[in-house]
Amino acid sequence: MRRNARFASFAMVVVLAVSTGACATFETGETKLRAVKTVGIISAVGDQMTVAKGGLTSLDNGSRHFPIDSWGLDDLIVQRATAALQGRFQVQPLTYNRAAFAAVKEPAVAGANLIQGDPFKKLVRTEVAPQGLDAYIVITKARASIGGSGRKVEGVGLITYSTVMESYSQIYALYEIRIVDGKTFEAVEKMAAPPLDNTGRVRLAGPSRPIDQGLPIGSGDGNDPNLRAAIVDLIARSLPTTLSDMHLAAVL
């Protein structure tokens, strides 16, 4: 009986140890953020707009790019994100090399960052001030495939599809958010902003919407206030939800 009792006690200890280890291994994003008090926000999404044309399943090679720095999208993103995070974190203003963050491209080969190193790790360490915050929220361009064509679009843009019978336009604002540890500079979590209501005829894995006839968009060269307002609306509606999904903020 005494031997059985000792065996039962040992088994209980093993079960508790395994359970505790499992809890530590399978931490949720929310658990990882409990020790974070001070954060800074970096945004590098709104430097240019891409205007492309094509069929409903593919794009041509004549994409055009227009500067839209004057829209102030990145300042708007930082303001909106700061407002959403302030109730939980101490949000500190940053100075950073926005162009360097905007220039980072997704590697052509999946998983290449594991070999070459995460470029954002170096940028946060060398191109951001002040250093020493608990975490940095890095918001940059994301990429998404157009339908089943294999072609991809990135960041902010306008696509116009033409067929014999009709012409159809769709705008998008694709971005992703990283939480970077302020001590190790490792990415704690990363998430791309999800689609909103998915009303576009050609589905994109990110915020997008069709342009209806009631919203004139001109040439899409970055000088159209209606186009800017539509892009701002995509960001304003998707940002709180994405921050909430990452356990950074409550749904507003």
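**Exercise 1. Which strands does helix H3 (residues 73-85) lie across, and at about what angle does H3 run to E1?**

Ground rules first. This is a predicted model, with local features needing pLDDT of at least 70 and side-chain atom pairs pLDDT 80 or more, while totals for chains, interfaces and linings use all residues. Residues are numbered from 1 along each chain as its sequence is written, and side-chain values use heavy atoms, without hydrogens or water.

Solution. 
- Step 1. Look for contact, meaning heavy atoms within 4.5 Å. H3 lies across E1, E4 and strand E7 (135-141).
- Step 2. Take the angle between N-to-C directions, from 0 to 180 degrees, using lines fitted to C-alpha atoms, for helices over the stretch in contact. H3 runs at about 155° to E1.

**Exercise 2. Give the strand order of the open sheet and identify its edges.**

Solution. 
- Step 1. Two strands pair if DSSP finds at least two bridges between them.
- Step 2. The order of the 5 strands is E4-E1-E7-E12-E13, with mixed pairing.
- Step 3. Strands E4 (90-92) and E13 (187-192) each have a single partner strand, so one side of each lacks a neighbour in the sheet.
- Step 4. From one strand to the next, the twist averages 25°.
- Step 5. Threonine 38 has glutamine 90 of E4 as its bridge partner.

**Exercise 3. Trace the pairing around strand E11 (residues 167-173).**

Solution. 
- Step 1. E10 and E11 run antiparallel, joined by 7 bridges. Glycine 157 has tyrosine 172 of E11 as its bridge partner.
- Step 2. E11 and strand E14 (residues 208-211) also run antiparallel, with 4 bridges. Isoleucine 171 is partnered by arginine 209 of E14.
- Step 3. Apply the burial cut-offs: buried is under 20% relative accessible area, exposed over 50%, partly exposed in between (1.4 Å probe, protein chains only).
- Step 4. In E11, 6 of the 7 residues are buried, so E11 is largely enclosed by the rest of the structure.
- Step 5. Serine 162 lies in E10 (residues 156-162). At 44% relative accessibility, serine 162 counts as partly exposed.

Notes. Helices (H or I, at least four residues) and strands (E, at least two) are DSSP runs, numbered from the N terminus.
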